[in-house]
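Hello,

Here is the structure I promised to pass on to you. Have a look at it first, and then read on for what turned up.

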Amino acid sequence: MKDLISIKDLKIEEIEEILKKSDEMESHLKQNKSLDIMKGKILATLFFEPSTRTRLSFTSAMQRLGGNVIGFEAVESLSVAKGENLTDTIKTVEKYSDIIVIRHPKEGTARYVAEISSKPVINAGDGSNQHPSQTLLDLYSIKKLKGRIEGLNITLLGDLKHARVMKPLAYALAMFKANLTFVAPPGLEFSKELTNEIKEKFNARIIQTNDILSGFSNADVVYACRIQKERFADQYEAEKLQKSFKITPEIIEKAKDDMILLHALPKVGELDSAIDETKHAKYFEQAAYGIPVRMAILSMVI
Ligand code: CP
């Protein structure tokens with residue numbers, strides 16, 4: 001694997017290999033073993049959109065592998081602010097680094113950067129399109145917390161139209177033969193193209209609804225996401241949806257006893273904070289799995 005741009009570029013065997021490598025990385029971390037496989041290598045983190053988990057966990061993963069990281073805190077500090085184009089930025093950054101991780105608001109940017117860069121490129125999110133390292137850590141989290149993916153009832157819930165974590169996850173879960181329920185507020189459902197694609201390719205069993213409660217009734221895993229306010233032209237509409245689409249402790253009480261609740265984070269009000277204290281809330285464990293999974297990804301692209 002040279003680049004990681006879209007989950008659709010990976011075969012199931014390749015995903016399984018990354019998950020196996022992630023497990024090895026987690027063992028190394030637990031044993032406090034030092035790994036120097038990135039010694040002398042430099043990772044460039046180019047985040048043209050905000051990030052806490054993805055940028056910091058790639059940084060932490062690279063440092064735990066013995067490598068170094070360069071990047072910037074704010075887009076305003078780059079020469080892009082003086083009008084430099086992305087192509088020139090990348091042609092420069094590739095001279096300074098060995099791997100490039102990029103997040104950009106425009107769909108397709110990571111693919112373009114991979115085409116023009118001689119160095120491996122990892123897509124850390126391109127608009128509403130893909131966020132493959134997140135998908136891999138989501139699959140890893142489900143396998144670690146539930147022991148398997150195949151045959152589980154998994155609900156994806158929230159702003160499915162705009163969330164870049166949800167489209168590749170739906171695709172990957174269908175590939176792994178999970179039974180899927182999609183819950184979204186009216187107008188924020190997955191596109192017909194995506195649902196038809198995964199039905200046709202993987203013979204996926206899919207239920208679609210706008211009702212939050214029915215998404216919880218038989219679920220082994222519920223994966224929630226926030227309303228992606230930054231992708232709305234009408235901020236008033238986004239705020240209205242944010243207020244109306246909430247998961248409460250009363251809804252959680254109706255779920256199966258061993259249901260786990262995942263979320264890519266950040267959460268901004270769609271989950272009542274009292275839920276953090278329940279046995280179902282696993283999103284901070286999920287965020288922690290970002291380290292071994294990203295260590296595995298870095299070791300496999302170089
Ligand atoms: N899950 C995720 O992508 O979080 P950040 O936006 O904080 O990186």
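Which residues surround the ligand? In this predicted model, they are Ser51, Thr52, Arg53, Thr54, Arg103, His131, Gln134, Ala264 and Leu265.

An N or O atom in the side chain of Thr54 is 2.6 Å from a ligand oxygen, and a polar side-chain atom of His131 lies 2.9 Å from an oxygen atom of the ligand. Ala264 uses its backbone instead: an N or O atom there is 2.9 Å from a ligand nitrogen. On its own the ligand would expose 250 Å², and the protein buries 90% of that.

Next, please find helix H7, which covers residues 192-202. Its buried residues are Leu194, Thr195, Ile198 and Phe202. Looking down the axis of H7, you will see them fall within an arc of 95°, so they line one face of the helix. Lys192, Glu193 and Glu200 are exposed on the other side of H7. The cover over the buried residues includes helix H6 (166-175), strand S6 (179-183) and strand S7 (206-209). Just after H7 comes Asn203, with a positive phi of about 55°.

Enjoy exploring!

How values were computed
Residues numbered from 1 in each chain as written. Predicted model: local features only at pLDDT ≥ 70, side-chain atom pairs only at ≥ 80, totals over all residues. Heavy atoms only, no water. Buried < 20%, exposed > 50% of the residue type's maximum accessible area, 1.4 Å probe, protein only. Helix = DSSP H or I, 4+ residues; strand = E, 2+ residues; numbered from the N terminus. Arc of directions from axis to C-beta. Contact = heavy atoms within 4.5 Å. Near = heavy atom within 4 Å. Polar contact = N/O pair within 3.5 Å; in protein donor to acceptor, adjacent residues only side chain to side chain. Areas by Shrake-Rupley, 256 points an atom, 1.4 Å probe, with all protein chains shown as cover.
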